[in-house]
Amino acid sequence: MKKNKKQLRLEDAMVPVEEQPYEVPENWCWTKLGVTISISKEKTDDFSDISVKYVGLEHLESNKGLNGYGTTEGIKSLKNIFHTGQILYGKLRPYLNKHDIASFDGVCSTDILVIDVKNVVDAQFVNKFLDMDSFISYTVNNSKGINLPRVSGETIMDAAFPLPPLPEQQRIVERIESLFSKLDEAKEKAQEALESFEERQVAILHKAFKGELTLQWRTEHGLDMNSWRDVPLKDCGRWFGGGTPTTSKKEYWEGGDILWITSKDMKEKIIKDSLMHVTMVGVENSSANYCEEPAVLFVMRSGILRRVFPVSMVRRPFTVNQDLKACVPEGILQEYLYWHCTGFEKDIRDNCMKSGTTVESVEAKKLYEYEISVAGIDEQKEIVNRIEELLNKEVAAYEVAENVIESIELVKKSILAKAFRGELGTNNPSEESSIELLKQVIKE
């Protein structure tokens, strides 16, 4: 009887010592991932049953796993068949690290590998291994294609894989999940802090301009809310718009040092520079207006108005294009006007947006008539100080939450690295060597 050419020898199943990435416990061994798994070739082009669940790459969330599924309605091309318990691995753009264990039967994109695990390895253990930084780097470095890099099944199978005894694999999975569960709780709280940041900021600003932040201050100074007045924005300062010097005249732009501010520059509280600059010659020969006074700027026309009403301050000589309006404050602090309009930007959009326009726009007349609550100048100063003090604390809390999330991800990576080195304290040296598992594979 001829020997099966595909029959593995033990030495072929093991990674040579000189090629092993790092040392593992004595009862572990280094093998190739392909020794412990196989890639399913089961496919179908029959989609007559539209109730079949379909998984595309869009249903595999980067670093998180399956986040849903679709249906096969309208699908005509060949797809992979998968079953509960098989691992789904996105081979397109492997740096995105898209994979998970299927909890249902269905079909999936051919850009998703369907992986079967053999009885010598735990599916959860393999799934955790796919999260290893070293494995992700390996797949990225060995993928093909520039714009749409893909890693092949053969490359996945050829990855070096540390194999512990089966009971140890299960203990490692349990330990990882226990540690990750605690980390995820902390991460969830930090994420909630990030997501509620804008709400807390708006709440602070609303309290500020309803007089709540300076209630004690007014009492100490013998004042009440009768010292406040409602003022339309048109009476808060001198308003003007802008224009665009013709770009065909080089002398209008080349060597220019005057800010020419557009909606693209309206991303910061204080604008210190702009993407483009004009010369004084350009200003004098166009509808652009030159201003040296501190001003508050408003985006009047831009697609961004669907989401937010950008407001910024500028404190150096500038001009604006025709999509912005500028207000040089008079009788009101620049910061007070800025914070008030920022805090009530949603209300301004709700009340001042034009209807039926191709590009979202704010109606200037309505904006000018929009009323804000204006305190006396001394209380304005106090309000601005209170706002900036509270918001600085919120920003600090936001940064702490960001750092917590970043640290948690680093800790997770460290846990995984230790897990696959046998350093989580779960290994039992007296357990039978995993080489015996390889011998089982060879006999199959």
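Strand S9, residues 87–90, is joined to S12 by four bridges, and the two run antiparallel. Within that pairing, Ile87 has Ile115 of S12 as its bridge partner. S12 covers residues 112–117 and also takes three bridges from strand S2, residues 37–39, again antiparallel. There, Ile37 is bridged to Val117. Two strands count as paired if DSSP finds at least two bridges between them. Helices (H or I, at least four residues) and strands (E, at least two) are DSSP runs, numbered from the N terminus.

A word on the source. This is a predicted model, in which local features need pLDDT of at least 70 and side-chain atom pairs count only at pLDDT 80 or more, while totals for chains, interfaces and linings use all residues. Residues are numbered from 1 along each chain as its sequence is written, and side-chain values use heavy atoms, with hydrogens and water left out.

Back to Ile87. One residue that touches Ile87 is Asn127, which also touches His99, Asp100 and Ile101, leaving aside residues up to four places away in sequence. Contact here means heavy atoms within 4.5 Å. Asn127 sits in helix H3, residues 123–129. Is Asn127 buried or exposed? Asn127 is buried, at a relative accessible area of 8%; buried means under 20%, exposed over 50%, and partly exposed in between, with a 1.4 Å probe and protein chains only.

Now the helices. H7, residues 197–208, and H10, residues 334–343, have axes that come within 9 Å and cross at roughly 120°. Therefore H7 is oblique to H10. Axes are lines fitted to C-alpha atoms, for helices over the stretch in contact, and angles run from 0 to 180 degrees between N-to-C directions. Under 35 degrees is roughly parallel, over 145 roughly antiparallel, 65 to 115 roughly perpendicular, and the rest oblique. On the H7 side the contact uses Val202, Leu205 and His206, and on the H10 side Trp339, Thr342 and Gly343.

What about H7 and H13? H13 spans residues 377–419, and the two helices pack at about 170° with axes 10 Å apart, so H7 and H13 are roughly antiparallel. H7 contributes residues including Phe197, Ile204 and Leu205, and H13 residues including Ile383, Leu390 and Tyr398. By class, this contact has 10 nonpolar residues, one polar and two charged. Ala, Val, Leu, Ile, Met, Phe, Trp, Tyr, Cys and Pro count as nonpolar, Asp, Glu, Lys and Arg as charged, and the others, Gly among them, as polar.
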